[in-house]
Amino acid sequence: MEIKAIRGFNDILPDEIGKWQFVEKTAREVFEGFGFSEIRIPILERTELFARGIGEATDIVEKEMYTFADKSGNSLTLRPEATASMARAYLEHQIYTFDPVAKFYCIGPMFRYERPQKGRYRQFYQIDAEVFGVDNPMVDAEIIVMLIHFLERVGLEKLELQINSLGCRKCRPRYRQEIINFLKKKSFQLCEDCQRRLETNPLRVFDCKVETCQAAIVDAPKVIDFIDRECQDHFGKVKEYLEAAGLTYILNPRMVRGLDYYTRTAFEVVSYQLGSQNAVTGGGRYDNLFQEIGGPDIPGIGFAIGMERLISLLPKDKVFIQHPHLFIAVLGDETIKKAYQLINQLHLEGIRAELDYEGKSLKSQMRRADKLKARYVLIMGEEELKKGRAVLRNMEDKSQEEIPIEGLLNALKEKVRRKV
Ligand SMILES: [Zn+2]
Ligand SMILES: [Zn+2]
């Protein structure tokens, strides 16, 4: 029997890879420009890290983690997100002793045992950026500015920035209690999960996809009405800094976040470019996370972008596939060695060139060049070679010219580069 990929695990094939590379390259350029450094964290961590760092009473931890025991009996989990691991690395290597501010980004696969759907996989990719060590609202604005700039640079349009404030460990519990009281009156409307979590994680209802749960919270109290003076000040400054950077935003009081360690600024970016509303990314401040995972009191803020979704929103007219610059069609045994030497030189110059390995006819070589969408074909025949020449065919306008073998490399470099 033929062996197939595991359900929910996806191959990213060469004809799509150009988009992925473009997005990753742009992320690196933009983030590095904003002072962020890449960090690469392991794919496996102790289960406890996510249980504490994401929260026990969440869908991710309760149902979606790939957790198993290794041969020593340790409970390990494939990372379902990156923030907890990045925070762990930051603590473990005491990066805060070097500088109080750490700006990291990370690109890679995450794993969640969710029901596979179109465009949704069990191994999916995220771009994460986090700032540890500062609670200054300027950083909240800075990371949002970076995010929007990145999304625009990859070509996303009709973006809307939504923001909210979730309060802090002093004022958030008051809101939490308010929501418990509110939901208790409506508990008959809630799904089993939400009923069960009513006391442990009441804010989780806001993220619940069940319709009756969504209906239950339509007129729920708004967190923004419960935040204390300090949180109001912080939020006010975030808004000022966003405005100073020329960004427009709308307030979304429904953005609450189911996890208790989330504090203060929360944000989401929504795209309207496909006619409907698509959440592209979300993030926020989590000043309680480090303490949850056993560390000191260190503030943090960050965002995660789902790459599959982002890639589905890239401009359709942009070409990401790499075609050969040049195809070398070879005729006659004598010519092959010459062609081989030439193609090696071209490759060293970074010119994407292909040739025929199978001794096919000129017609069939031209067909292959056409299928590969090569921009030029260099026809090296024995007759021409004796005269010290080869034929260069432009595949776009179908024009042909004879060019001398002498200095061929430079001539090709010149021609091909002109349009690279
Ligand atoms: Zn507060
Ligand atoms: Zn629910």
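This is a predicted model: local features need pLDDT of at least 70, side-chain atom pairs count only at pLDDT 80 or more; totals for chains, interfaces and linings use all residues.
Residues are numbered from 1 along each chain as its sequence is written, chains are lettered from A and ligands numbered from 1 in the order in which they are written, and side-chain values use heavy atoms, with hydrogens and water left out.

Let's begin with the cores. By nonpolar core I mean a set of buried Ala, Val, Leu, Ile, Met, Phe, Trp, Tyr and Cys residues joined through side-chain atoms within 4.5 Å. Buried is under 20% relative accessible area, exposed is over 50%, and partly exposed lies in between, with a 1.4 Å probe and protein chains only. The largest core has 56 residues, and those touching the most other members include Met 86, Tyr 90, Phe 132 and Leu 190. Elements giving two or more residues to this core include helix H4 (83–92), strand S6 (123–132) and helix H6 (172–184), and H4 gives the most, with six. Helices (H or I, at least four residues) and strands (E, at least two) are DSSP runs, numbered from the N terminus.

Leu 190 is worth a look: leaving out residues up to four places away in sequence, Leu 190 touches Leu 183, Gln 195, Leu 198, Val 205, Cys 213 and Ala 216. Contact here means heavy atoms within 4.5 Å. There is also a second, separate core of 43 residues, with Phe 235 and Leu 313 among them.

Now the metal. Which residues hold the protein donors of the zinc ion (ligand 1)? They are Cys 168, Cys 171, Asp 228 and Cys 231, with donor atoms 2.2 to 2.7 Å from the zinc ion. Donors are N, O and S atoms within 2.8 Å of the metal (3.2 Å for Na, K and Ca); water is not among the atoms, so sites may look incomplete. The spacing in sequence is C-x2-C-x56-D-x2-C, and both Cys 168 and Cys 171 are buried.

Next, strand S11 (residues 300–306). Five of its seven residues are buried, so S11 is largely enclosed by the rest of the structure. S11 runs antiparallel to S6, joined by seven bridges, with Ile 127 partnering Ile 305. Strand S10 (residues 278–285) also pairs antiparallel with S11, over five bridges; there, Gly 282 stands opposite Ala 304. Pairing requires at least two DSSP bridges between two strands.

Finally, Leu 259 sits in the loop between strands S8 (250–251) and S9 (263–271). Buried or exposed? Leu 259 is buried, at 15% relative accessible area. Not counting residues up to four places away in sequence, Leu 259 touches Ile 54, Thr 58 and Arg 172.
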